[in-house]
Amino acid sequence: MTNEKFKELVEENERLVFTICYQLVRDYHEAQNLAQDTFVSAFAHIDNVKEQNLRAWLARIATNKAKDYLKSAYNRRVSLSEDMSEIDMLRSENSPERLYISDEGEGAIRQTILNLKEPYHKVAVLFFLKEQTVDEISEQLDRPKKTVQTQLYRARQMLQKILKEETQI
């Protein structure tokens with residue numbers, strides 16, 4: 001296939017390829033990258049496809065590129081461990097959070113936790129103030145364990161940010 005014909009193929013199908021990628025990854029810039037990867041891959045193997053199958057073939061390449069991206073993104077994503085070792089560390093005697101609580105007084109931290117908005121408020125109160133386990137919170141709030149873990153992680157980040165801002169003032 002000549003460069004001119006391939007250019008026409010790209011112009012005719014760029015919207016289709018981009019839309020497929022975007023529908024799967026839900027990230028505009030990543031969809032643009034995947035669409036470009038699709039056409040690069042297609043250019044390398046264009047001679048192996050019949051002309052009447054080009055559109056479907058491009059759609060399949062785009063789908064596979066997006067699926068591959070999602071698989072690799074899932075593996076790169078920072079996920080909480082099953083045992084929540086990072087959050088369990090918060091409960092250890094010598095954690096920085098515990099030392100701060102004992103040095104600066106529990107009242108300010110308690111108030112910060114109580115001021116969190118839902119869905120983080122209930123989870124943070126039960127975990128940090130009532131010292132319930134993730135499993136207990138999950139059962140009590142009728143939420144999946146992973147949801148509770150994620151909400152605890154985000155609540156902790158919010159608390160750290162708020163406390164950091166307060167100490168800088």
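Start by selecting Tyr28: with 45% relative accessibility, Tyr28 counts as partly exposed. Here buried means under 20% relative accessible area, exposed over 50%, and partly exposed in between, using a 1.4 Å probe and protein chains only. Before you click further, know that this is a predicted model, where local features need pLDDT of at least 70 and side-chain atom pairs count only at pLDDT 80 or more, while totals for chains, interfaces and linings use all residues. Residues are numbered from 1 along each chain as its sequence is written, and side-chain values use heavy atoms, with hydrogens and water left out.

**Stop 1: the aromatic rings**

Rings of Phe, Tyr and Trp (its six-membered ring) pair if their centres lie within 6.5 Å; planes under 30 degrees apart are called stacked, over 60 edge-to-face, and the rest tilted. The structure holds three such aromatic pairs.

Now go to Phe6 and Phe43. Their ring centres are 4.9 Å apart with 70° between the planes, an edge-to-face pair. Phe6 belongs to helix 1 and Phe43 to helix 2, so this pair ties together parts that are 37 residues apart in sequence. Helices (H or I, at least four residues) and strands (E, at least two) are DSSP runs, numbered from the N terminus. Is each ring buried or exposed? Phe6 counts as buried at 11% relative accessibility, and Phe43 is partly exposed at 42%.

Return to Phe18 and Tyr28: the ring centres are 5.3 Å apart and the planes at 70°, so this pair is edge-to-face. Phe18 is in helix 1 and Tyr28 in helix 2, so the pair ties together parts ten residues apart in sequence. Select Tyr22 as well, and you have one aromatic cluster of Phe18, Tyr22 and Tyr28.

**Stop 2**

Axes are lines fitted to C-alpha atoms, for helices over the stretch in contact, and angles run from 0 to 180 degrees between N-to-C directions.

**Stop 3: the cores**

Which residues have the most contacts inside the largest nonpolar core? They are Phe6, Val17, Trp57 and Leu58, in a core of 21 residues. A nonpolar core is a set of buried Ala, Val, Leu, Ile, Met, Phe, Trp, Tyr and Cys residues joined through side-chain atoms within 4.5 Å. Helix 1 (3-25), helix 2 (28-45) and helix 3 (54-76) each give two or more residues to this core. A second, separate core has nine residues, including Ile113 and Leu159.

**Stop 4: helix 7 and helix 8**

Select residues 120-129, which are helix 7; this helix packs with helix 8 at about 140°, with axes 10 Å apart. Helix 7 is therefore oblique to helix 8. Leu126 and Phe127 of helix 7 and Ile137 and Leu141 of helix 8 are among the contact residues.

Finish at Ser138, in helix 8 (residues 134-141). Ser138 counts as buried, at 12% relative accessibility. Not counting residues up to four places away in sequence, Ser138 touches Arg143, Pro144, Lys145 and Val148.

Definitions and conventions
Contact = heavy atoms within 4.5 Å. Parallel < 35°, antiparallel > 145°, perpendicular 65-115°, else oblique.
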